[in-house]
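Welcome, and please have your viewer ready. We will go from one selection to the next and see what sits at each stop.

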Amino acid sequence: MALLPLPLVVAIGSLVLSGLAGRIASRPRLIAGPLAVAAGFLLLLRIGGHNAHGSTVLPGTFVAALGMAYAVAPLTSAAVGSVDERYSSLAQGFNTAVARAGLVATSSIGGILAARGSVLVDAVFVAIVANVVAYIAAAAGLMPKRPNA
């Protein structure tokens with residue numbers, strides 16, 4: 001139950017935020033989304049043995065989920081739009097399959113954490129830091145290059 005907001009916010013947020021596609025270009029959304037996910041993961045680093053769910057887990061998962069939701073539509077468009085037109089249906093099917101697999105993984109992580117408890121805490125912290133680095137690197141790779149002076 002602790003991670004339930006993650007898939008809910010991603011699902012609902014993706015629907016709501018997909019309307020921004022016509023008003024905000026893909027690149028800024030593909031930069032801001034991963035940075036928000038990184039910020040959410042950094043908030044999750046505050047989790048300790050005696051913290052309340054509402055002050056540690058919930059804010060981190062909510063911010064990370066909003067970042068994911070913000071980047072879903074432009075990421076899907078980029079993935080499907082980058083292939084030859086004759087393969088666009090295949091690309092869309094593959095993208096959908098990967099997204100569904102991600103939902104299964106996300107929905108199962110709460111049970112895994114609950115079953116293993118404190119044994120996984122250190123591993124989770126390492127995974128969070130690795131994800132933060134990966135999301136910041138992804139955002140940095142999409143930032144416009146400055147011309148050499």
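Which backbone oxygen does the side chain of Arg29 reach? Select Arg29 and look for Tyr70: the Arg29 side chain comes to 3.0 Å from the backbone oxygen of Tyr70. Arg29 itself belongs to helix α2. Arg29 is buried but has no salt bridge, and the nearest side chain of opposite charge, that of Glu85, is 22 Å away.

Before moving on, colour the model by confidence, as this is a predicted structure. The mean pLDDT of the protein is 77, and 75% of its residues reach 70 or more. Among the elements, α2 has the highest mean pLDDT, at 86, while helix α4 (residues 88-116) has the lowest, at 70. A word of caution for such colouring: where pLDDT is low, the predicted coordinates should not be read in detail.

Next, select Val37, Ala38, Phe41, Leu44, Ala64, Ile128 and Val132 together. These seven residues form the largest nonpolar core. Helices α2 (26-44) and α5 (121-142) each supply at least two residues of this core, and the largest share, four residues, comes from α2.

Now keep Val37 selected and show its surroundings. Leaving aside residues up to four places away in sequence, Val37 touches Ala64, Gly67, Met68 and Tyr135.

Is Leu43 buried, partly exposed or exposed? Its relative accessibility is 29%, so Leu43 counts as partly exposed. Display its neighbours and, again not counting residues up to four places away in sequence, you will find Thr56, Pro59, Gly60 and Val63 touching Leu43. If you draw a distance between the C-alpha atoms of Leu43 and Val63, expect 8.5 Å; the two residues are 20 residues apart along the chain.

For the last stop, select Thr61 in helix α3 (residues 57-81). Why does Thr61 count as buried? The reason is its relative accessibility of 4%, as buried means under 20%. Finally, show the backbone of Leu58: its oxygen lies 3.1 Å from a polar atom of the Thr61 side chain. Compare that with where you began, at the Arg29 side chain and the backbone oxygen of Tyr70.

Key. Residues are numbered from 1 along each chain as its sequence is written. This is a predicted model: local features need pLDDT of at least 70, side-chain atom pairs count only at pLDDT 80 or more; totals for chains, interfaces and linings use all residues. Side-chain values use heavy atoms; hydrogens and water are left out. Buried means under 20% relative accessible area, exposed over 50%, partly exposed in between (1.4 Å probe, protein chains only). A polar contact is a pair of N or O atoms within 3.5 Å; within protein, one must be able to donate a hydrogen and the other to accept it, and residues adjacent in sequence count only if both atoms are side-chain atoms. A nonpolar core is a set of buried Ala, Val, Leu, Ile, Met, Phe, Trp, Tyr and Cys residues joined through side-chain atoms within 4.5 Å. Contact means heavy atoms within 4.5 Å. pLDDT is the predictor's confidence in each residue, from 0 to 100. Lys and Arg count as positive and Asp and Glu as negative; His and the chain ends are not counted. A salt bridge is a side-chain nitrogen of Lys or Arg within 4 Å of a carboxyl oxygen of Asp or Glu.
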